[in-house]
Amino acid sequence: MTTLVIGANGKIGRQFCELAQAVDLPIRAMIRDEGQRPWFEERGIETVIADLEGELDHAFDGCDQAIFTAGSGPHTGPDKTLLIDLHGAIRVTDLAGERGLSRLLMVSAMRAEKPLEAPEKLRPYMAAKHAADAHLRASAVPHLILKPGRLVDEPATQRVATSLAESDGVNSVSRANVAHALLHLAQARDLLDREYVLLDGERPIAEALS
Ligand SMILES: NC(=O)c1ccc[n+]([C@@H]2O[C@H](COP(=O)([O-])OP(=O)(O)OC[C@H]3O[C@@H](n4cnc5c(N)ncnc54)[C@H](OP(=O)(O)O)[C@@H]3O)[C@@H](O)[C@H]2O)c1
C-alpha cells in the first residue's frame, strides 16, 4: 500500500512527505537526482530516482497509489509546461492505468478549465493542466483532482474552503494546507473520482474534503 509521491522534492512535496512519515503512511518519494536523497534519508523516507521527461516506469514498482504534485515552475518556458505539466501528467495517468493503481491524486489548479480567463502569462500552464485533467477524467483510473488556488508559503491552519464564495473571495491557499489536504485524501481510500477546489478558509480539512 505504498504511495508514490511525484514531485516529492517540491515545496508541497516535501511537506507532504514529512506529514506522511509522521503518521506512518508508506510512501516512496520520487526525486530527480542523487543530491536530493539526503534530505529524505535523514527522515527515513524511501526514495526513487525517476524523471517525468525520462525513465519513469520503475518508480511505480510496488506502489498502489500515486500523488502528482510535480510542476515545471514559474522559471521555465512553455516547452517545460508542455513536457512536465501536460505530458508528464499524461504519462503518469497512463502508467497508473497500466499498473492498475487504486487511485491517482492529481494536484491541478483552480480555474484550469478556463485558461483564457487567466493572466496571459499563465494561460499555457492553465491549458496544460486543463488538458491533463481531461485526460485523467476520461481514463479508467480512479482519481481525485485537487485544485488549489494561488499557492503561498504560510503556516498550516488546517482550515480550508472549497469555493471562492465560501472563502469570502480569498483566492490563495498555503502550500502547508495543500500538504495536509493531500494527506487526508491519501488516507481517505473510499473517496474516488471527485474534484475539490482548495483555498484557505475556516472549515477543517476532513469536513471540507468529505
Ligand atoms: N504556483 C501556484 O500558484 C500553483 C497553483 C495551483 C497549483 N499548482 C501546482 O502545485 C504543484 C506543486 O507546487 P510546488 O509549489 O510544490 O512546486 P515546486 O516547489 O516547484 O515543486 C515542483 C516539483 O516538481 C519536480 N519536477 C519538475 N520537473 C520534473 C521532472 N521532469 N520529473 C520529475 N519531477 C519534476 C521538481 O523537481 P526538482 O525539485 O528536482 O526541481 C519539484 O520537486 C504543481 O503541480 C503545480 O502545478 C501551483
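In the predicted model, Arg111 is situated in the loop that runs between strand E5 (103-107) and helix H4 (123-138). The phi angle of Arg111 is near 65°, a positive value in a residue other than glycine. Arg111 has 18 other C-beta atoms within 10 Å and is therefore classed as partly exposed, given that a residue counts as buried at 20 or more such atoms and as exposed at 12 or fewer.

A positive phi, near 65°, is also found at Asp168, likewise a residue other than glycine. Asp168 belongs to the loop between strand E8 (159-161) and strand E9 (172-174), and with 10 other C-beta atoms within 10 Å, Asp168 is exposed.

The chain as a whole contains six helices and eleven strands. Its radius of gyration is 16 Å, close to the 17 Å that the globule rule gives for 210 residues, so the chain is as compact as a globular protein of that length. Taken along the principal axes, the C-alpha atoms fill a box of roughly 40 × 35 × 35 Å. Of the 210 residues, 45% are buried, and among contacts between residues at least 6 apart in sequence, 67% join residues at least 24 apart.

Key
Residues are numbered from 1 along each chain as its sequence is written. This is a predicted model: local features need pLDDT of at least 70, side-chain atom pairs count only at pLDDT 80 or more; totals for chains, interfaces and linings use all residues. Helices (H or I, at least four residues) and strands (E, at least two) are DSSP runs, numbered from the N terminus. The radius of gyration is taken over C-alpha atoms; the globule rule is 2.2 Å times the number of residues to the power 0.38. Two residues are in contact if their C-beta atoms, placed from the backbone, lie within 7 Å.
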